[in-house]
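Here is a short briefing on one protein model.

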Amino acid sequence: MYIDRLKLQNFRTFRDAEIVFLHADQKFKTLNMPVPRWPNINLCLGNNGFGKTTLLRAIALAALGPAVRSSGIFADRLIRREPVNGPAATTKRKAKGVASEAVLEAVFTPHAQDRAGAQKKIEARVKVVRRGDLEEFEWSHADEKRWHPIFSESSDAFFFVGYGATRRVERVERYDAASRSKSSFIRAQRVQGLFEDSHSLIPLNSWLPLLQSKNKGRYSQVVKLINRLLGEGNYTFTGELEGREYLFERAGLQIPFPALSDGYRAYLSWVGDLLYHVCATCPSGKKLVENHGIVMVDEIDLHLHPHWQMTVLPTLSEALPNLQFIVTSHSPLLVGSLEWMNIILIKPGLIKPGLIKRGDAQSSETLRVERAVHGLDADQVLLTDFFGLESTRAGSKSQQLKDLSLKASEGDATAARQLLAQMSQGTEAA
């Protein structure tokens with residue numbers, strides 16, 4: 001399945017917002033945009049506190065549908081708080097600026113593997129409601145009693161998975177699969193990391209050796225995918241074990257997983273977890289790359305070197321073309337690796353005196369900026385509307401250059417020479 005669109009009302013930073021997402025089956029003509037070269041990538045940008053992580057959590061909750069009530073995920077301060085003395089955006093606003101409910105509405109495109117029957121679209125509507133000082137989830141679709149069985153706790157259809165910014169993987173000897181399975185049902189476990197910092201990922205060496213002995217064809221696909229996702233110039237996954245740890249090789253040097261750098265371990269941890277779930281949900285007789293679903297990753301560039309940031313999203317898109325990726329980042333290098341169609345900018349709404357509308361003051365709105373960005377360097381990207389910086393120089397240096405530029409424009413030859421010199425060097429002593 002893929003998510004087509006999501007509407008949020010009074011959900012944390014979002015007072016009233018609607019977001020359209022790209023995926024391989026999207027009808028781009030109806031969206032009035034060109035087909036991007038990587039149609040399954042959605043990159044969410046925005047300053048801290050504007051709602052990037054909130055957006056990923058909202059997708060996860062909507063995808064759980066009515067099963068969200070027994071997911072083990074707690075509704076904790078999800079309902080939007082308005083400024084106490086600010087404008088009332090809803091008639092249900094409470095005295096202290098807290099609305100009585102938040103609403104998440106989503107539309108999904110199912111696939112044959114989801115066993116959705118003849119339905120071409122599936123809708124979800126989840127509410128977060130106040131009960132005294134607490135919040136609770138409610139399934140509030142118009143057809144409340146007869147929700148689609150695809151949303152059932154026991155259903156393994158509707159494949160989606162989410163990774164929080166604090167993602168980590170346990171050593172295999174500390175990983176307890178039994179206690180994990182008791183905490184919640186499998187579909188809820190797949191997005192638990194977006195809500196709980198302590199949620200650990202499934203170690204590659206806890207499941208891949210068993211797959212090798214039971215299904216060598218699938219095992220071979222996993223090895224090839226890991227190496228494709230690592231990309232050229234990085235370590236190679238050998239598939240060999242040293243004790244209980246897998247080895248990775250570069251320039252003839254073999255290194256066990258725990259000895260890899262933080263960047264490699266962070267990346268390989270969620271990739272290994274993802275491939276476990278791809279294997280578990282891929283229909284029999286299908287290749288792993290044919291699996292459909294939603295993958296959410298918060299701060300995807302976590303610990304990644306700039307060179308790797310420039311290639312990671314195109315690599316994911318091409319290696320797993322039938323998965324829909326929705327990721328967050330602050331990296332201009334990721335932006336420059338994509339096209340404007342792939343980028344969802346989250347920013348504060350404009351203040352319009354006397355008028356309260358979607359994206360008003362102190363709430364977040366989403367938009368796509370129609371600005372050719374693919375191939376720009378990092379400085380160029382940072383000066384576009386995607387980041388909105390006036391300069392990428394240190395404040396004092398920027399002011400110094402402005403002063404020299406003004407003098408040079410007035411005919412000061414010495415200032416002009418100083419300007420050229422200062423533009424090419426730092427301010428500290430060499």
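C44 counts as buried because its relative accessibility is 0%. Buried means under 20% relative accessible area, exposed over 50% and partly exposed in between, with a 1.4 Å probe and protein chains only. This is a predicted model: local features need pLDDT of at least 70, side-chain atom pairs count only at pLDDT 80 or more, and totals for chains, interfaces and linings use all residues. Residues are numbered from 1 along each chain as its sequence is written, and side-chain values use heavy atoms, with hydrogens and water left out.

**Cysteines**
- The model has 0 disulfides, a disulfide being a pair of cysteine sulfur atoms within 2.5 Å.
- C282 is in no disulfide, and its nearest cysteine sulfur, that of C279, is 7.7 Å away.
- C282 counts as buried because its relative accessibility is 8%.

**Overall make-up**
- The protein has 12 helices and 14 strands. These are DSSP runs numbered from the N terminus: helices are H or I of at least four residues, strands E of at least two.
- Of the 430 residues, 51% are buried.
- Take contacts (heavy atoms within 4.5 Å) between residues at least 6 apart in sequence: 67% join residues at least 24 apart.

**Nonpolar cores**
- A nonpolar core is a set of buried Ala, Val, Leu, Ile, Met, Phe, Trp, Tyr and Cys residues joined through side-chain atoms within 4.5 Å.
- The largest core has 65 residues, and Y267, W270 and L274 touch the most other members.
- Helix α6 gives this core its largest share, 9 residues.
- Leaving aside residues up to four places away in sequence, W270 touches Y163, R167, L201, V295, V297, I300 and L316.
- Another core of 49 residues lies apart from it, with L56, I79, F137 and I294 among them.

**Helices α5 and α6**
- The axes of α5 (residues 216-230) and α6 (residues 262-281) come within 11 Å and cross at roughly 145°. Axes are lines fitted to C-alpha atoms over the stretch in contact, and angles run from 0 to 180 degrees between N-to-C directions.
- R218, V222, L225, I226, L229 and L230 of α5 meet Y264, Y267, L268, V271, L275 and C279 of α6.

**Helix α8**
- Helix α8 (residues 312-319) is mostly covered, with 7 of its 8 residues buried.
- Those buried residues are V312, L313, P314, T315, L316, S317 and A319.
- They pack against β3 (41-45), α5, α6, α7 (306-309), β12 (323-328) and α9 (332-336).
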